[in-house]
Amino acid sequence: MVMEYIDGTALSKVATEMKKRGVEPGSPESQVLGRRLLSALTDAYGCMIFGSGIIHGDPHPGNIFIMPDSEVALLDCGQVKFMTTEQRLRLARLVVLVNAWEREREKDENSVQAKELIRLLAEGVRENGVIFTPDVQGDECAAAVAILLFGNTQTKLPGGFAGEEISPNSPIVKVQEFPQDFVLLGRATVMIKGIANRLGVSWALSDRWTPIAQETLQTMLPSELLPIW
C-alpha cells in the first residue's frame, strides 16, 4: 500500500482556523475561500461522474482538506462507486433536464414546456431506480428529487416541496428506495449545496455541470469515444 501525506486543514476545522487568523464568517475573505472550495468540489465531482465514472463515496468535512496554496484535496478513497456508461448517460440527461427546467421556470413555471420538463424529470428519476411510497401521485415529487440533488441552491422546488433534505416536507421523505449510486451522488451534491447555504453563496450546480453533461452525451453516444477530460 502506498500513501501520500497531505498538508492542510480539514474542512471541519477551517472555521476555527480562519477565526485564529482574524477572518470572520461572511467576510469577503471567507466568501472567496468558500467559492474556491465550491468550485473545486463541483469540478472534481463533475469529472468523476461524467468522466472516469469512479466516484469518491465518502464525502464529509473530515475527508476534505484545504491545502496551504488553497487547493482542495479529497482524502480516504476506501469507499468508491464505479458507474457504468449507461448510468453516466442517465445522470447526464437528468442534469441537462434540471437545467432546462430551471431556465424555463424563470420565464414561466406554468408553461407547457415547463410541465413537459417536469414529466421528463420524473421519468428520468424513476429510470435511475428511485422508488416512491404508494401515496405519491403525479410527477412533481419525483421531479423535485432531481432538482433537489442537481439544481441550483436558490431554486424553488415544484409541488411545494421543501429544498432542505431534513425537512418533513422534503421530497426525500417520499422515497421508498434509493439505488446506491444515487445515495453516493446525493451525499456529494447535498454536501456541496449545504456548504453554499452555510456560506450564504448562491451556487449554480446545474449550470456548472450542464456543459460537461452535454459533452458526455455527445462523446458517449452511440459508444464512448473519448473521456471528457
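**Putting values against definitions**

Trainee: Why is A73 called buried?

Mentor: A73 has 10% relative accessibility. Buried means under 20% relative accessible area, exposed means over 50%, and partly exposed is in between, with a 1.4 Å probe and protein chains only. Since 10% falls under 20%, A73 counts as buried. Do keep in mind that this is a predicted model, in which local features need pLDDT of at least 70 and side-chain atom pairs count only at pLDDT 80 or more, while totals for chains, interfaces and linings use all residues. Residues are numbered from 1 along each chain as its sequence is written, and side-chain values use heavy atoms, leaving out hydrogens and water.

Trainee: Where does A73 sit, and what is A73 in contact with, leaving aside its neighbours within four places in sequence?

Mentor: A73 belongs to strand β4, residues 72-74. Helices (H or I, at least four residues) and strands (E, at least two) are DSSP runs, numbered from the N terminus. With those sequence neighbours set aside, A73 is in contact (heavy atoms within 4.5 Å) with I6, N63, I64, F65 and M67. As for E215, 142 residues from A73 along the chain, the two C-alpha atoms are 25 Å apart.

Trainee: What makes F82 exposed?

Mentor: Its relative accessibility is 56%. That value is over 50%, so F82 is exposed. F82 is part of strand β5, residues 80-82.

Trainee: Which residues make the nonpolar surface patch?

Mentor: I54, V80 and F82 make the patch, about 270 Å² in area. Patch residues must have over 30% relative accessible area and no salt bridge; like charges are joined within 9 Å and nonpolar side chains (Val, Leu, Ile, Met, Phe, Trp, Tyr) within 5 Å. The accessible areas come from the Shrake-Rupley method with a 1.4 Å probe, and for residues only the protein chains shown count as cover.

Trainee: What makes D43 and R208 a salt bridge?

Mentor: A salt bridge is a side-chain nitrogen of Lys or Arg within 4 Å of a carboxyl oxygen of Asp or Glu. The closest N and O atoms of D43 and R208 are 3.0 Å apart, so the pair qualifies. D43 is in helix α2 (residues 28-52) and R208 in helix α7, so this pair ties together parts 165 residues apart in sequence. D43, at 38%, is partly exposed, and R208, at 31%, is partly exposed too. By this rule the count comes to ten salt bridges.

Trainee: How do you know that R119 and E116 are separated by about one helical turn?

Mentor: They are three residues apart in helix α4, and that spacing gives about one helical turn. Their closest N and O atoms are 2.7 Å apart, so R119 and E116 also count as a salt bridge.

Trainee: What is the distance between the closest N and O atoms in the salt bridge of R126 with D139?

Mentor: The distance is 3.6 Å, which is within 4 Å, so the pair counts. R126 is in helix α4 and D139 in the loop between β6 and α5, 13 residues apart, and the pair links distant parts of the chain. Elsewhere, salt bridges that share partners join E86, R90 and R93 into one network.

Trainee: How do you know that α5 is mostly covered?

Mentor: Ten of its eleven residues are buried. Among them are C141, V145, L149 and F150. C141, for example, has 4% relative accessible area, so it is buried. The buried residues of α5 pack against α3 (85-108), α4 (112-127), β6, β7 (175-177), α6 (180-199) and α7 (205-219).

Trainee: How many disulfides are there?

Mentor: A disulfide is a pair of cysteine sulfur atoms within 2.5 Å, and by that rule the count comes to zero.
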